[in-house]
Amino acid sequence: MDLSLSNKANTADILPKNQLYTKAEIDLSLAEKANAVNVYPKTQLYTKSELDNALTAKLNVSEFTGDTIKQKLNVLSDGKTVTNEQISLLDSIALKANTDEIYTRSQLYTKSEIDQSFSEIATTDDVYLKSQLYTKSEVDSALSAKVNTSDFTGQSIKEKLNTLSDGKTLTSEQVASINTISQKANSQDVYNKTDLYTKYEIANSLSRKLDASQYTAEIIKEKLNTLSDGKTVTDEQIASINTISQKANSQDVYNKTDLYPKTDLYTKTEMDTALSGKINATDNSVQTSNLVNAAVTADKIADNAIGDSKLASNAVRSRHIADQSVTSKKLYRNAYVVNGDVLLTSDNAGMVVVEQNTLLDITITLPEASLYTGISYIIKKTNPNAYTVTIKGWIDTCENPLLKYKNSFVEITSDGIHWRIVSEYLFFHDTIPVPGNFGEITVLDNGELNVVSFSWIPAIDNWSPHAELEYAVCVGQTADEIQSVSLCEQHITQNFVPGITSLDVSGLPSATLLYANVIVKDPAGNAAIYHTVQFQADFVNPIPGGGSGNAIAQINASRSAITVQWHPATDNSTAQNDMQYRLYYSSSPNLQSISEIQANGTAVGNWSENITSGEIAGLDLNADVYVNVLVKDQAGNISTYAQAMVSTLPYFIEAISLDGIAYNGNIAFGDVDADADLDIVVSGQGDSGRMLRLYYQNNGSFQSFINASGVEKSWISLGDYDRNGSFEWLITGCDASAKLTRLLQNNFSNISISLENICDGTNAMMDYNNDGALDIFLSGYQSNGDRATLLYQNKNLSFEWVNTAFLPIAESASDWGDYDNDGDLDLIICGISSTGKVSKIYRNDGDGVFTDTLVSLPGVSNGEVKWGDYDSDGDLDLFITGLGISGKIAAIYNNSGSVLSDINAGLTPVENSTIALGDYDSDGDLDLAVAGNTAAGRRTIIYNNENGLFTNSLIPITGVEGDIEWGDYDNDDDLDLLIAGMADSGRYAGIYQNIINQANTSPSVPTQLSVTIQGDDVLFSWAASADSETPYSGLSYNLRVGSSPQGVDIISPLSLSNGKLFAPIHGMTYQRSYTLKTKLAAGTYYWSVQAIDAGYKASAFSSDYGFTITDSLPEPGDNGIINISEITATSVALTWTVATDDQSAAADLQYRIYTATTNYQNNIADWQANGTAVNDWSNDISAGSVSNLSSATPYYFQLLVRDQGGEY
């Protein structure tokens, strides 16, 4: 949601505020969601403009005016007259639909859109939480409380320094330095720390602003759940919504004007970082760098200028003063200065300073604390770091502590028993080392080396680093023997070693219960021990299961993984359930011994207890893999099983061999005999000449076939052009003497048609005008050698040429698909025109009009183009290969709103190429197979689609220049690959069988079928199907429409009645609606729909859904008035205005004139029974004459009109 929603909320063009959520309410709810990781990050949300663009197509308000609603209701009222009350109500609806007082749907988010937005998970790294931001008022309030600079003027600093200078006068340089500090303190570059909110205070303050749990997505959904289905809002719901509205206006939330935009605010991290560098007015008011040496002298500051009452304890410490800035003579008037070893007495109470020029180690001995109750010393070292001051005696728990660094000090006082530390700076007092990890010791028996390994975490010492700490291991037969440092030292296995964390001990008895401990000692001799551990040395190796050969029990291989099983091992001391195993593998037979396995093998996971199987994944296809298993007991003794070898499976195996063809042929799958398995047609130049052969499949065998007159430079399509429930073949190419175009029954019987003969091009059977009848498209060289691109409309099984603006192209490839999602098929075609290589997209604008989109694509020949939705987003993307102007090409274009963009897929460029699209690995998206001539020679490459990234699967397939097709020939629910063309070894044709058996499941049967009759058009719609592999937006659909249940005489779906597809092709639409644009005769019709996934697995058809087309009576023109244009004594000439009809065209209406001497009024039966018919039923006439009349006899005339349905 962006700020434009908030702006709209203040206009008068939308719903009243009390009926909508405010931006604040939504933002607050989203902020709370961000804490619960239940919202989208900003990078995953559409902006308002993007949403508005998408939603503007949702509703055309003009379609819901009173007039249009009246028309829509006429259908529901069976043509009855709408009452005045209904008209008034409709006008009211129309008025509301056109008013500016409400939102249009394009301005609002629907319930499902908002719910979906709320349902996603946000990553807090991508969005700011409200608790991370300061509000405008909080920041302003915090900034207004700047440091009181009057506390940091030169005068006040002088006063604070009085105690440091014993009342001496400040020099001019010191005053200048202090004024510089004062100016910095007066500047606006620092904050007084006490006047700023801490991170915790700000977060705590913000946390009380709003209980966001009142605005969770679930609660909002509950409050709005009846607004989206047209039900009446109850009083409780109105009260609930009003409550939300009131909260939006309350002081519990921030208004837009009270908040800074995100770009104007610092985050908590940014503000905390900025504030951390500010002056600390409490602890560092005056730092060493701010004062020059000897800055404060006694003659510049008066004695006792600042008394104890004015300074807090330790307000100014010695470490705050720079070296030599205040000498001991100036600073400590009564200090006891020492330059050699000394025993302190009560006379030395107070400050004891080691003179800075003392260049030797000093020992200061403390008196007995019990004799000096209440006495305090401040002992400070001012001489260089190279010399150490030792304070002899006990301070707290430390004996003989040290001052090692210049300006280090310790302040101590006697409580009558001990000397206690009051404060200190760089004061070292050596304590006993602390064993690491609470003193835990790990024991591991290494059976291969017959030693016991002890390991531990290093100890921590306040004085010495780990490298200076010494360790030793002691072993005893009882715990009491090693329970203390002194006892443990009597049983050490070897001398102390500095800086170690493990030690191997040999020579211990096997299978004997023993105890061990570790001693740690610092250089001062302080020692500690770890915790005693009990162990039993075991140097006997476990015995692998599987008998004397230690054989691995079983190995199962798949395409890229191996499952290994073994029998459990046994051991002399470790229980079987406590044995540990580790699986290894290698590409070479080098896993025989323990050392070989550990050196050469790749371990699968860590040591694991009580397992008897493991899986090795991520292996190459068709690879030899060597495996072995190590077993280890609790003592660490290791044994090996016996090495074994297995090969992973290939993805495909060459299962079927057919008679080969050269690169200029074509192949196709199709279930010719309707037995639910795929048969094959192959055309092209074979070893014995041109061929056109139909192979019948019988339980996986293709031994039976029939031949027709052979062709090359051919193209094969199929479709049910006569809508009889089977299909026909459309074949173009060249035979021995001529170019030809053939339409054949699926068993190769010839069908007589009149079409242009075409060779070296492409063809298609498709319904370009949505009338249910398959039309024909041709492109290539005509018989006279000219290039041609031709479209023929199927009119009652005759094909009539359609005049289009298609560019004449040969050596071509083409594909039809609704790339702009407007409900009709568009054309992509590539090849050679009179101007060179081209690739063009023609948009179908209806009524046979095709417009060149001028989309910029590389022109190619000797290649192929295909539509396919590789990213399952509901629109068709484009695949293109071939020889371009600059060389070989293989590219994929993503379709986003009919805008095609090259995704730079990294495919291998190829010419003399073909493309096949299908989900071969059953993961729900379209994978790509390409065959042709690359820079490295002939190749057939299968690219695996992983979330829109196409990677070479490296599956070994015979490389050809020819044709490839996906199809599940063996009915095992995965796609196999049919290949034919010129290979390096010669002409080739065959099937590669997919043997991994990752079964693709059928989509669910579509539901919620509905029909809307719109004039002559019929709109079919349904709800989306679901599929376990293919996303719902990647499914296509087939319709079946007929004049009888399960009939196909209106639309034939290329499927058996049970839903099984005749051929592996996608459905007629990817949308969830389809408009049939033909004038159906009056009667009842039946329709159903099936879904098809990316692996060409189809659902069953839905149950038949019936609808009725009614046939009204013809409507006589000019209110049925018959005009007498001429009268003679024996004849009359009549004229009339032609009638109209809801089903029949005006030219198809028939007229008949009756005459009688009796007026039968409008009784058609009486006129037909008693009147005299003047003429036979005649089409499309508006005049007639009656002769042979008797003079002076009165005659009556009647004109009957009937439509094609026989209605009068």
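1. Asn-1000 sits in the loop that runs between β57 (986-994) and β58 (1010-1014); strands are DSSP runs of E with at least two residues, numbered from the N terminus. The model is predicted: local features need pLDDT of at least 70, side-chain atom pairs count only at pLDDT 80 or more, and totals for chains, interfaces and linings use all residues. Residues are numbered from 1 along each chain as its sequence is written, and side-chain values use heavy atoms, with hydrogens and water left out.

2. With a relative accessible area of 4%, Asn-1000 is buried (under 20% relative accessible area, 1.4 Å probe, protein chains only). Leaving aside neighbours within four places in sequence, its contacts (heavy atoms within 4.5 Å) include Ser-922, Glu-1029 and Asp-1093.

3. The structure holds 33 aromatic pairs (ring centres of Phe, Tyr or Trp, the last by its six-membered ring, within 6.5 Å; planes under 30 degrees apart are stacked, over 60 edge-to-face, the rest tilted). Trp-816 and Phe-850 form an edge-to-face pair, 5.8 Å centre to centre with 85 degrees between the planes. Trp-816 is in strand β43 (residues 810-817) and Phe-850 in strand β46 (residues 850-852), 34 residues apart. Trp-816 is buried at 7%, and Phe-850 is buried at 6%.

4. Phe-879 and Phe-950 are also an edge-to-face pair, at 6.2 Å and 85 degrees. Phe-879 lies in strand β48 (residues 877-884) and Phe-950 in strand β54 (residues 949-952), so the pair ties together parts 71 residues apart in sequence. Both Phe-879 and Phe-950 are buried.

5. One aromatic cluster is formed by Phe-1020, Trp-1022, Tyr-1037, Tyr-1085, Trp-1087, Tyr-1105 and Phe-1107.

Definitions and conventions: Helix = DSSP H or I, 4+ residues; strand = E, 2+ residues; numbered from the N terminus. Buried < 20%, exposed > 50% of the residue type's maximum accessible area, 1.4 Å probe, protein only.
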